[in-house]
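Please open the structure in your viewer and keep the selection tool at hand. This tour goes from stop to stop, saying at each one what to select and what is there.

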Amino acid sequence: MPTPYDIEPRLLRAFTAVAEELHFTRAAGRLFVAQQALSRDVRRLEREVGAQLFVRTTRQVALTPDGERLLPYARRVLDAHDALRDAFRPELRPLLVDLNTPGLVQDRVLRRARELVPEQELMARFESGLTGAAREILAGRLDISFGRYGGLAPALRARLDALLVRYEPMAVILPEDHPLAGLPEVPLGRLAGERLYAGAGNDRTPEWTDLAVRLFAGRGIHLSPPAPLAVGKEEFQRIMAKHRHPVLAVVGFPPMPGCVLRPLVDPVPLSPVSLVWRRGLRHPGLDALRAAAAELGGREGWLDRPPGSWLPDDEPGVPPSVPLTRSGASG
C-alpha cells in the first residue's frame, strides 16, 4: 500500500482545489478536469492517507479536522513541486557554455547570442579542451562547448549533436627570438625538424593532439612529448622560455608575453570548430547560439576554404561535399 511519501502531486492538487473552493464543480473547472475525475482523485487520496478529508452533503462541502491538518502540508508540497518544475523550465534555467579558452572566436558567438536573447542567462565556462568538456556535458555539469567534434571518440559523438561553425586557420606560437619569429607567416615546410607542443598527454585535449599528428605526418615535424598543462600567461611564458618548443595554436589565440603568433601557410591548415551539445537538449539559448554562429559565419565567411588549405581526411562533422586535401599531402 502506498505511504503518504508516495502521494502523487496531482492528488494533492485536486484536494487543495476542493479545499479552497469548497465546491467540486468549481474546483474541477479551476483544474480543467471533469468533476468525476476530480472526485475519483480525492477518494484515492483519502484511501492513501487513511482518513476522510471532506464532509459532503447535497448543499455544501466542508473540511474534516484531518482535511484541515493536511491542507498546509499539501500547499507546501505543491509549492516545492512548482518551484522544482520552474527551475528546470528551459527558458528559465541558465545555460552553461564552454568557450574552451578566453579570447577565441567563440566569445563573439556567445556575445551575439546574449544580444539575441537578453532575457536568458548564458554563463561562460572554460574547460580548455572539447574531450574534457564533452565528459562534463554528458555528466550534466555543462551544456554546450566548442571544438573539433570529429576528433572525439565515436562513443562520445554518439551522444552529442554538433553544428560546424568555422574553419579556424591554424598558427604557431614562437618565442619572440626564434629564427622564424620575424616572418609574417610561417610555411609548414620551415617547421621541419622542429618539435611542436600540441597538448600531448593532456586528457582534456586528445582531439587537438590528433589533429596535430595528422598535420605533421610526412612533413618532418615532431610532436613535443607529454608535459603538464601550463595554466595562465605567466606559466605559459615560463614554460616557453624554459623549453622553447613552438606551440600549435589557431590564429585567434590571445597574445602571450614574450611570444609571437604567426599564421601557418603552404598549405593553410584548418581546424574545424563546431558547436557541440548533448543530444536532445532544448533551450532558447542553444537556438540563439546556433543563430549567432550562422549570422557571424555567413557575414564573415567562416566556412569558406582558403585556396590550398588543409583539413584531415574523412573528418566527422565536416560536410562530405567539401573537397579535402590528403592528410599527409603538402597541399
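## The whole chain

The model is a predicted one, and the mean pLDDT of its chain is 88, with 87% of the residues reaching 70 or more. If you colour the chain by pLDDT, look at residues 321-331, where the value stays under 50 and for which the model has 31 contacts beyond four places in sequence. Among the contacts between residues at least 6 apart in sequence, 72% join residues at least 24 apart.

Select residues 9-21, which form helix 1, together with residues 35-49, which form helix 3, and look at how their axes come within 9 Å and cross at roughly 110°. Helix 1 and helix 3 are therefore roughly perpendicular to each other. To see where they meet, show the side chains of Arg10, Leu11, Leu12, Ala14, Phe15 and Val18 on helix 1, and those of Leu38, Asp41, Val42, Arg44, Leu45 and Glu48 on helix 3. Sorted by class, this contact of helix 1 with helix 3 has eight nonpolar and four charged residues, and no polar ones.

An α-helix has 3.6 residues a turn, so residues three or four places apart point the same way.

On the helix 2 side the contact is made by Phe24, Thr25, Ala27, Ala28 and Leu31, and on the helix 3 side by Gln35, Leu38, Ser39 and Val42. By class, the contact of helix 2 with helix 3 has six nonpolar and three polar residues, and no charged ones. Just after helix 2, select Phe32, which takes a positive phi of about 60°.

One more stop belongs to helix 3, where Glu46 is found. Is Glu46 buried or exposed? Its relative accessible area is 13%, and because buried means under 20%, Glu46 counts as buried. Not counting residues up to four places away in sequence, Glu46 touches Ala51, Gln52, Leu53, Phe54 and Arg56.

Move on to Asn100, in the loop between strand 3 (95-98) and helix 5. Asn100 has a phi near 75°, a positive value in a residue other than glycine, and at 17% relative accessibility it counts as buried.

Next select Glu121, in the loop between helix 5 (106-116) and strand 4 (122-125); at 43% relative accessibility, Glu121 counts as partly exposed. Leaving aside its neighbours within four places in sequence, Glu121 is in contact with Pro94 and Leu95. If you draw a distance from the C-alpha atom of Glu121 to that of Leu96, 25 residues apart along the chain, it comes to 8.6 Å.

Select residues 206-216, helix 8, where Glu207, Trp208, Thr209, Leu211, Ala212, Leu215 and Phe216 are buried. Just after helix 8, Gly218 takes a positive phi of about 80°.

Then turn to Ser271 in strand 12 (residues 268-278), a residue that is buried, with a relative accessible area of 5%. Beyond its neighbours within four places in sequence, Ser271 is in contact with Arg166, Tyr167, Glu168, Met170, Trp208, Leu211 and Val250.

The last stop is the loop between strand 11 (259-265) and strand 12, where Pro267 lies. A cis peptide bond, with omega about 0°, joins Asp266 and Pro267. Asp266 lies in the loop between strand 11 and strand 12 too, and has a positive phi of about 55° although it is not a glycine. At 56% relative accessibility, Asp266 counts as exposed.

Notes:
Residues are numbered from 1 along each chain as its sequence is written. Side-chain values use heavy atoms; hydrogens and water are left out. Axes are lines fitted to C-alpha atoms, for helices over the stretch in contact, and angles run from 0 to 180 degrees between N-to-C directions. Helices (H or I, at least four residues) and strands (E, at least two) are DSSP runs, numbered from the N terminus. Angles under 35 degrees count as roughly parallel, over 145 as roughly antiparallel, 65 to 115 as roughly perpendicular and the rest as oblique. Contact means heavy atoms within 4.5 Å. Ala, Val, Leu, Ile, Met, Phe, Trp, Tyr, Cys and Pro count as nonpolar, Asp, Glu, Lys and Arg as charged, and the others, Gly among them, as polar. Buried means under 20% relative accessible area, exposed over 50%, partly exposed in between (1.4 Å probe, protein chains only). pLDDT is the predictor's confidence in each residue, from 0 to 100.
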